[in-house]
Amino acid sequence: MTVVLRSPQEFKQWRRQQKGSSVGFVPTMGALHSGHEELLKRARQENDLVVLSIFVNPTQFNDPKDFEKYPLTWDQDLKMAETNKVDAIFYPRYPEMYPDNYRYKVTEGEYSKLLDGAHRPGHFDGVLSVVMKLFNIVAPTKAYFGEKDFQQMTLIKGMVESFFMDLEIVPVATVREEDGLAKSSRNTRLNSEERAKAPAIYKAIRESKSAEEAANSLNQQGFKVDYVTDIDNRRYVAAFLGEVRLIDNVQI
Ligand code: AMP
């Protein structure tokens, strides 16, 4: 049975009762798809208990329209949690997650300013702050993050090391559609024409000889490219297709 806990206090009480069990934690913003499911499966294999959190975190949205349009699919999410034998869902509300109304935040000063950080001011402050809160509430043994958001996963790993936090970060490979498009909750916002075009992102970063060539190719195909950048053997892309901003990355 999957229990749903809505406040940090309620969750911590549940967690105290599980003393001695290992906990695998999968933080998400809901609208779950098979990418999230892969994280849940890994957590199920490697831990006594699995905790899923669902929280559309307002502090990481630099664009209020993106926040308002973020899909909510609670009934489906609950079903996926039950199918994957999730023990507890932490599903908090904003005022309880931010009792200080976001006066306190976690900031990284270098890598978080590049790539998505350069295009989404404050985004990673919001991500790191909410993830630190979630780790303190959930007290996981291991936490699972997708390589789809490689910069995010790397920054969280760095935060855990820098603050001597007592858990392991487990990266999970990007889950893709058959045509190569990285699974994302935002894909549901693409119209059919955009959806048909979207796999070009993955193709461009894999097949182009340089980041510049990939950016030019995408712009020519009607994307509005934020960046294509190579860092440490990895190529990162963010591009708009209509109103939807898609990101991806590959090893090069
Ligand atoms: P989100 O709810 O989109 O913020 O994502 C929650 C977690 O799922 C993050 O660790 C993401 O990196 C991960 N995730 C999202 N999409 C995918 C995917 N296609 N493959 C693997 N992990 C993913």
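In the loop between helix 10 (200-207) and helix 11 (211-220), a polar atom of the Ser208 side chain lies 2.7 Å from the backbone oxygen of Ala204. The structure is a predicted model, in which local features need pLDDT of at least 70 and side-chain atom pairs count only at pLDDT 80 or more, whereas totals for chains, interfaces and linings use all residues. Residues are numbered from 1 along each chain as its sequence is written, and side-chain values use heavy atoms, with hydrogens and water left out. Helices (H or I, at least four residues) and strands (E, at least two) are DSSP runs numbered from the N terminus.

Ser208 is buried at 11% relative accessibility, where buried means under 20% relative accessible area, exposed over 50% and partly exposed in between (1.4 Å probe, protein chains only). Apart from neighbours within four places in sequence, Ser208 is in contact with Lys203, Glu213, Ala214 and Arg235, contact meaning heavy atoms within 4.5 Å.

A "binding site" feature is placed at Gln60 by an unreviewed UniProt entry; such positions follow the numbering used here, feature names are shortened, and annotations may be inferred rather than shown by experiment. Gln60, in the loop between strand 3 (49-54) and helix 3 (64-68), is likewise buried, with a relative accessible area of 10%. Its side chain is joined to that of Asn57 by a polar contact of 3.0 Å, that is, a pair of N or O atoms within 3.5 Å, of which, within protein, one must be able to donate a hydrogen and the other to accept it, residues adjacent in sequence counting only if both atoms are side-chain atoms.
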